[in-house]
Amino acid sequence: MNLNGRLIKVAAPVAAAVAIGAVAFASSGMQSNGNDIRSQQPAASAEGAGRAPKELIGNEDNPATWRLPVEDYIPLRAEVRTVSNVRDQLIDDCMSKAGYEDWQPAPDLPDLSGTSLVDRRYGVHDPALTSQRGYHPSLAVQNAYDAALEIGAVDKSGSDPGALRACVEATDAKAPDVRSDPLVQQIDSTSYVDSMKDPAVVAAFGKWSSCMKEKGYSYKNPLEPMEDPRFGHPTTVTEAEIATARADLDCRGQFDVTRTWFDTESKIQQEQIKRNASALRAIAKDNRSVIAKSAKIAAKN
């Protein structure tokens, strides 16, 4: 994104649904397991009674460590950082040669939707954070996001937008940006929507809703409190929000809502990956090629 001659870096969206699951003030982005570990092959069939394969589960109690099958076709965060850093340097060098030595690339925006694709995808799961921030991201992350956005929005170099555009195009030829393929985005988003229609998930939502009603809250599914306009202010966290989120988290835990939802979506993704295996292999190959180009440039510098 080019704003007043400044390159604002926003990660390419993987699924619009993730933004829903992280409230309106959060941002979705190209994400992968925070441990930077993944299989290079689609995950095996689900084990047991509808459970996701063990290799998709990190810490049973921490959804942020879980990994959806589609992540085999999404570059790791470390790889995205490598590409981003190389591109920043190339564009910066180009702008300096064009006479804009004071120009600097905007900082990366911290991801408000969590540390991984699954983190906050199905709602809140961290009792400590929920007790402090309700449905909002941590204060440190929010502050870092706001600061990075403010820095990126102001370009004091007086650079010419045309010069920046030319430098970006030149950089694209040397080190292409890494992007989420439309097919991967489609699988990621449709699996999320379809999972909410699955009988097992619908049943879990029903139990959750009844539990919430007993606590004095009237919501049909776990997305509704996160979308409650009363809790949508980007900086204000009310006691009502915290109380609602804590009740929400308790009811999720009682009826295993998060794991049921994840297991169901994992199965849907595995089926879609199987149907699109050839195209996805080509996407993975292209990703490796793009990342290799940047890694080669980085190694020389």
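Start by selecting Ala-240, which is partly exposed because its relative accessible area is 38%, between the 20% and 50% cut-offs. Ala-240 sits in helix α9, residues 239–254. In sequence, Gly-134 and Ala-240 are 106 residues apart. In space, their C-alpha atoms are 8.8 Å apart. Keep in mind that this is a predicted model.

**Zoom out: the whole chain**

Colour by secondary structure. The chain has eleven helices and two strands. Reading from the N terminus, the order is β-β-α-α-α-α-α-α-α-α-α-α-α. The chain has 301 residues, and 47% of them count as buried. Take the contacts with a separation of 6 or more: 81% of them join residues 24 or more positions apart.

**Select 161–174: helix α5**

The C-alpha atoms at the ends of α5 are 20 Å apart, and 14 residues at 1.5 Å a residue should span 20 Å, so the two values agree. Next, pick out Ala-163, Leu-164, Cys-167, Val-168 and Thr-171, which are buried. Turn the view to look down the axis of α5. The buried residues fall within an arc of 135°, so they line one face of the helix. Then find Glu-169 and Ala-173 on the other side of α5, where both are exposed.

**Select Ser-294: helix α11**

Move to α11, residues 277–300, which holds Ser-294. Is Ser-294 buried or exposed? Ser-294 is buried, because its relative accessible area is 0%, under the 20% cut-off. Show its neighbours next. Leaving out residues up to four places away in sequence, Ser-294 touches Thr-82, Val-83, Val-86 and Ala-175.

Most residues other than glycine have a negative phi. Here are two to check against that.

- Select Arg-120, in the loop between α2 (77–97) and α3. Its phi is positive, about 70°, although Arg-120 is not a glycine. Arg-120 is buried, with a relative accessible area of 8%.
- Select Asp-256, in the loop between α9 and α10 (257–275). Its phi is also positive, near 50°, in a residue other than glycine. Asp-256 is partly exposed, with a relative accessible area of 33%.

**Last stop: the cavities**

Rolling a probe the size of a water molecule over the atoms shows where empty space is left. How many cavities of 30 Å³ or more does the structure hold? There are two. Go to the second largest cavity, with about 40 Å³ of space. Ten residues line this cavity, and Tyr-73, Pro-75, Arg-179, Ser-180 and Asp-181 are the closest to its centre. By class, the lining of the second largest cavity divides into six nonpolar, two polar and two charged residues.

Notes:
Residues numbered from 1 in each chain as written. Predicted model: local features only at pLDDT ≥ 70, side-chain atom pairs only at ≥ 80, totals over all residues. Heavy atoms only, no water. Helix = DSSP H or I, 4+ residues; strand = E, 2+ residues; numbered from the N terminus. Expected span 1.5 Å × (residues − 1). Buried < 20%, exposed > 50% of the residue type's maximum accessible area, 1.4 Å probe, protein only. Arc of directions from axis to C-beta. Contact = heavy atoms within 4.5 Å. 1 Å grid on protein atoms, 1.4 Å probe; cavity = no way out; pocket = protein on both sides within 12 Å on 5 of 7 lines; lining within 4 Å. Points joined across faces, edges and corners; volume = space filled by probe spheres on them. Nonpolar A, V, L, I, M, F, W, Y, C, P; charged D, E, K, R; others polar.
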